[in-house]
Amino acid sequence: MAGYRRRLTGVHNWAGVVFGGLLFAIFWMGTLSVFDREIDRWMMPATRLAASSDAAPGLDRIAQAVASQVPAGARQWRIDLPTERTPVLRFSVQPGKGPPQVRQLDPRTLAPLPEPGTLGASGFFYPFHYGLQIAWMDLGNWLVGAAAMAMLLLLLSGVVIHRKLFAEFFTFRLHKRLPRSSLDLHGVSGVLGLPFFLVVTLSGLAIFFGMYFPTAHRGVFLEAGERGRAQFQAEAYGRYSRPAVGTPGPLSSLDAMAARAGREWGGGVPYFVRVWWPGDAGGYVEFRRSYGNEVAMNLDQLYFDAGTGQLLRSFQARPAMGVQRFLSGLHFIQFRHWPLRWLYFVMGLGGCVMIGAGMVFWLASRPAGKAVNDHAGRRIVQAVCVAGLAGIVLATLAYLGANRLLLAAAALPGWSRAELEVAVFFAAWGGSLVHAAVRGAVAWRGQLVVICLLGWGCAFLEIATTGWHGKPAAVWGVDAVLVVVALLAAVIAGRVGRAAGRGGS
Amino acid sequence: MSGLSISLRIVAVVGGGFGLTSAAVMVTAALLARWGMAGSEAVVCAALAGLLLYPGLLLWGLAEHRPARLYCGLGGFAAALAAVWWVLA
C-alpha cells in the first residue's frame, strides 16, 4: 500500500503541474458562469429591465411584432421568453442563407433594445469555461475534457495520498511558513469541497458524453456514418422535423398552442417557442418546457402543425437519458434557487483555492534559492502559476473595465466593440504572463495590487457610468463581489509582501 | 526506470486506455441493446459508465509499476472486448 501511495503521489504531482493552470482557468470561468446572467446585466445596462412575467404580452402579439423581421424563405425563427434572471425577450431568426440574427426586445413594448456591443458573461466567460475559445476541431472542448479527467484523477489520488485528511482537517497553520500553510489550505478546501468537486467534474463530463465517445452507437444503430448517429440523436433527444412543401401556409394561434402545452405538461411553461418554415404550408411550431422548477434539464418538447394548431408529436426523455439530463442540470444550474446558486459560487471559488494552493505548495516546497531547484521547469511553473492564478483574475477585471470604458460606438477596422473587449482580456492575460516570466516570484505582489485597483476601479466605473438609482439587485451583487475581490487581493498582497520580506518564495 | 519506458507507459495507459474505454462503451451498448434495452438508452448507459471506467483504468495503469502486468492487463482487456464484439456481430 505504501508503494502504491508513493506512486500515486507522483501521478498527483504530475497531473497537477501539467493541468493546474488549465484547471484553474476552467474553475474560475465556471464559477463566474454561475452568475453569468447577473454579470450580463452589469455589462449591458440597457437590459436592466424589471423582471415580471405577468406583464408579458401574449405569443400572438409577439409573433405579429416580429413578423416584419422574418425574411421570406427563413428556416426558422425563435423567441426565448423572459425569465427572472434574463428579463429580455430574445428573438432570433435563421434566414434561408447567411448567418442567424439575434435581437433583444423589451418584453413589455416589444421594441428592440440597442445592440449590447458586448458578449457579456454568457457569451464569453461561459463558452470559455467549456471551450477555451479554441474552436478548431473542437480542440478547446477536448482540452477541457482532458482537464476534467485529470481533475477526477487528482481528486481520487488526492484522497489516497492525503490519507491523514480527516485527522489533519482541523489543522490550518495559517501563520506558518508558506509550504505548510498552502498545503493546509489545499487540504481544508479539498476536504470541504470534495463532494462538490466530484459531482461537478463528473456531471461536466456527462454533458459531452457524445463527443468523447463518438462511436458509442455503432453497435446499436447499424446504419453507417452520420445516418446512425442521427438516428441515435433523434431517439435520445427527440427533435421532430419535416421538410417545407413550397406552398404558402398560415400560422394559427400560438397562444392556443401554449395553452395546450400547459395542459400536456401539467402546468409547465415553455421557455422557448420556435416556428419552423415560417409562411410555408409545411411549417410547424416547437415548444420546449422550462427548467426553472426542477434540477433535470428536461427534454420535454411539443410540435404543432403551424396551420391547424394540431399536436403532431410529444417527446419526453427516457430514464437513462433522464439521468444524463439530471447530471447536466446539476452542472448547468438553470433552476431558480438563490441560496443554492450562491453555494455553487462559493464552492467554485473553493475549487479555485484548492487548485491554486496546490500549485503554490508545489512551488513553495521547491524554494527558488537552492541550486537543485534552479531549472527551467520550475521557472515555467512559476510563471504559469502567477499568470494562471493572478493573471486570469486580472484579465477578467480588465474585460469588465473595458466594458465600462469603451464608448458605445467604439470599433477598429475589422474589430467590433465586443471583439475589442475580448482583445483587452487576452492582452491583459498575455501581459501578466510576460510580467511573471520576467519578474519571477516578485510578480505576485505587483499583480495582486493591480487586481485590487481594478476591482475598485470596475465598481467605481459602473456607478459612474450608470448612476445609483433603479438598478436590479444583480448589478449591486456584482459590484459588491468586485469590492470583496479588491479587498482580498489587498490582504493577500500584504501577506505575500511579508513572506517575501522573510525570504520565502 | 528510463524516460522511454515511462513515456511508453503513459501513452499506453492514457491513449490505449481511452481507446479501450471507447471500445468497451461500444460493446456494452450493443450488449445492453441485445438484452432488450431501448437503443438510445443502451448507448447513454454505456457512455456514462465509460466516464467511470476510464479514470479507473488511469488510476490502475499509472500506478502499476510492473510493465508485464500493465501490458498484459491492457492486452487481455482488448482481446476480451474483441471476442465479445466478434460474437455479437
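Predicted model: local features only at pLDDT ≥ 70, side-chain atom pairs only at ≥ 80, totals over all residues.
Residues are numbered from 1 along each chain as its sequence is written, while chains are lettered from A and ligands numbered from 1 in the order in which they are written.

In chain B, helix H1 (residues 3-34) and helix H2 (residues 39-63) pack with their axes 8 Å apart and at an angle of about 150 degrees; helices (H or I, at least four residues) and strands (E, at least two) are DSSP runs, numbered from the N terminus, and axes are lines fitted to C-alpha atoms, for helices over the stretch in contact, with angles running from 0 to 180 degrees between N-to-C directions. H1(B) and H2(B) are therefore roughly antiparallel to each other, a term for angles over 145 degrees, where angles under 35 count as roughly parallel, 65 to 115 as roughly perpendicular and the rest as oblique. The contact of H1(B) with H2(B) is made of 20 nonpolar, six polar and no charged residues; here Ala, Val, Leu, Ile, Met, Phe, Trp, Tyr, Cys and Pro count as nonpolar, Asp, Glu, Lys and Arg as charged, and the others, Gly among them, as polar.

Between the chains, the contact takes 28 residues from chain B and 29 residues from chain A, two residues being in contact if their C-beta atoms, placed from the backbone, lie within 7 Å. On the side of chain B that touches chain A, the elements giving two or more residues are H1 and H2 of chain B, and H2(B) gives the most, with 18 residues. That side of chain B divides into 22 nonpolar, five polar and one charged residue.

Chain A contains an open sheet of seven strands in the order S3-S2-S1-S4-S5-S6-S7, with antiparallel pairing, where two strands pair if DSSP finds at least two bridges between them. S3 and strand S7 (311-315) of chain A stand at the edges, each with a single partner strand, so one side of each is left without a neighbour in the sheet. From one strand to the next, the twist averages 15 degrees. Strand S2 (residues 89-94) and strand S3 (residues 101-105) of chain A pair in the antiparallel sense over five bridges, and they form a hairpin with six residues between them, in whose turn Gly98(A) has a positive phi of about 95 degrees.

Elsewhere in chain A, the axes of H11(A) and helix H12 (residues 376-405) come within 10 Å and cross at roughly 155 degrees, and H11(A) and H12(A) are therefore roughly antiparallel to each other. The crossing of H11(A) past H12(A) is left-handed, and the contact of H11(A) with H12(A) has seven nonpolar, two polar and no charged residues.

How values were computed: Left-handed = near helix turned anticlockwise from the far one by under 90°.
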